[in-house]
Amino acid sequence: MTTFLDIAPVLSEAELAAVRADFPLLTRTLRAGRPLVYLDSGATSQKPDVVINAEMEFYRERNAAVHRGAHQLAEEATAAFEQARAQVASFVGVCPDELVWTSNATAGINLVAYAIGNATAGRGGADARRFALEPGDEIVVTEAEHHANLVPWQELAARTGAVLRWIGVDDDGRLRTDQLASVVTARTRVLAFTHASNVTGAVTDVAPFVARAREVGALTVLDACQSVPHLAVDLHALGVDFAAFSGHKMLGPTGVGALYGRRELLEALPPVTTGGSMVEVVTMETTTYAPPPQRFEAGTQMVAQAIGMGSAACYLAELGMGAIADHEAALTRALLDAVASVPHVRVLGPLDSRDRLATVSFVVEGVHAHDVGQVLDGAGVAVRVGHHCTQPLHRRFGAAATTRASASVYTTVEEIEVFREALAGVRMFFGLDEGRPSK
Ligand SMILES: Cc1ncc(COP(=O)(O)O)c(C=O)c1O
């Protein structure tokens, strides 16, 4: 049998060492002097120096509010902020004016859902009528969604009288495309689905979803939170109407994310958060709104974070998303082999590495995920435990909680070996298997 240690790494040892040297936190040691093995990148990634320095440089050299003020600092801050927008937009294959800054992916998805709700309530005038929902209209999601791409649609359905329906997942955790024809109907107005699951790692083939949505005239909303950090994503080529992702999962800062919207849709969409910086003319009675993306960016913006996210996009682009995806495909095989080598471990998600991220969630029979996480932590291995904000998906697989190991571009197969050794000792630690856990 081939083991993951036989898998030739795609990035050479020297290249990977150079990447790791960019991430100061990876040199940390933990309790008892153990080196950190960070396998929680699905929750949030570590940050390279270029991102940390970009934020610091902004505060040290250019700090000012953007889009107002006649002084030089405001001008420089605005230029840097808009350059970051162009960097992130180009990273996902769209135009800068189609990219709205948000605080994270959750905020981006809520923005779309609330804007549709506002259109339904008659806001946004004639242009916005195309988004208005009628009682009995349908919103379709999938069983694999993160709560961020489920709860906002439940809320929208409750507010408008629309009906929420969903596509199931198969035993491998893949979305049931065979259900598209029956679940997405002439009544469907929104089809919201994930590009890659934060639990199973399964990557969605977007084309049949977009094709079916177009057939029935529904809007598509893609949760690209887990795909953008790991795969080359071209949102124009995918043909979705909206897509949301977060800076902090793609080596960027927390507090910033982006929402892509097709230009003609953003132009017609009513605002959600209202106030300063998103207006044209305000009288005591009424307000006219700025064109997108400013219409959706009320209040003082997260300038330093946006600049950091721009740097993260450039850093990833320089490494090359093809090389990153190849490296991570090797990590996927290593992770799958690691969990397969340990008895009594059940994986939620595909067991083959095709169309799959290096994100592996599993159950260790007889041991609660929190206890698994604690034993791994004792070996310096940081993983996520719980339902990962996907309670329906966990229910689908009969698991209350799982342990999730998720890798990123800076992860090595040697780290996955440390994880494997620690995992092999979990059941022994709790006296369920014979032997002694390795120290
Ligand atoms: C698939 C997916 N969608 C959405 C989110 C929400 O991202 P954020 O918390 O950055 O808004 C996450 C975060 O874990 C996720 O994994």
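Are phenylalanine 23 and tyrosine 315 buried or exposed? Select them: phenylalanine 23 is buried, and tyrosine 315 is buried too (buried means under 20% relative accessible area, exposed over 50%, partly exposed in between, with a 1.4 Å probe and protein chains only).

This is a predicted model: local features need pLDDT of at least 70, side-chain atom pairs count only at pLDDT 80 or more, and totals for chains, interfaces and linings use all residues. Residues are numbered from 1 along each chain as its sequence is written, and side-chain values use heavy atoms, with hydrogens and water left out.

**Rings**

Stay on phenylalanine 23 and tyrosine 315. The ring centres are 5.9 Å apart and the planes stand at 80 degrees, so the pair is edge-to-face (rings of Phe, Tyr and Trp, by its six-membered ring, pair with centres within 6.5 Å; planes under 30 degrees apart are stacked, over 60 edge-to-face, the rest tilted).

**Charges over rings**

Go to tyrosine 114. Arginine 159 lies over its face, 4.1 Å from the ring centre (NZ of Lys or CZ of Arg within 6 Å of the ring centre and within 35 degrees of the ring normal). Next, select phenylalanine 397: the charged end of arginine 396 sits over this ring, 5.0 Å from its centre.

**Ligand**

Now show the ligand. Its surroundings include Asn104, His146, Asp223, Gln226 and Lys249 (a heavy atom within 4 Å). A ligand nitrogen is 2.5 Å from a side-chain N or O atom of aspartate 223. A ligand oxygen is 2.6 Å from a side-chain N or O atom of lysine 249.

Definitions and conventions: A polar contact is a pair of N or O atoms within 3.5 Å; within protein, one must be able to donate a hydrogen and the other to accept it, and residues adjacent in sequence count only if both atoms are side-chain atoms.
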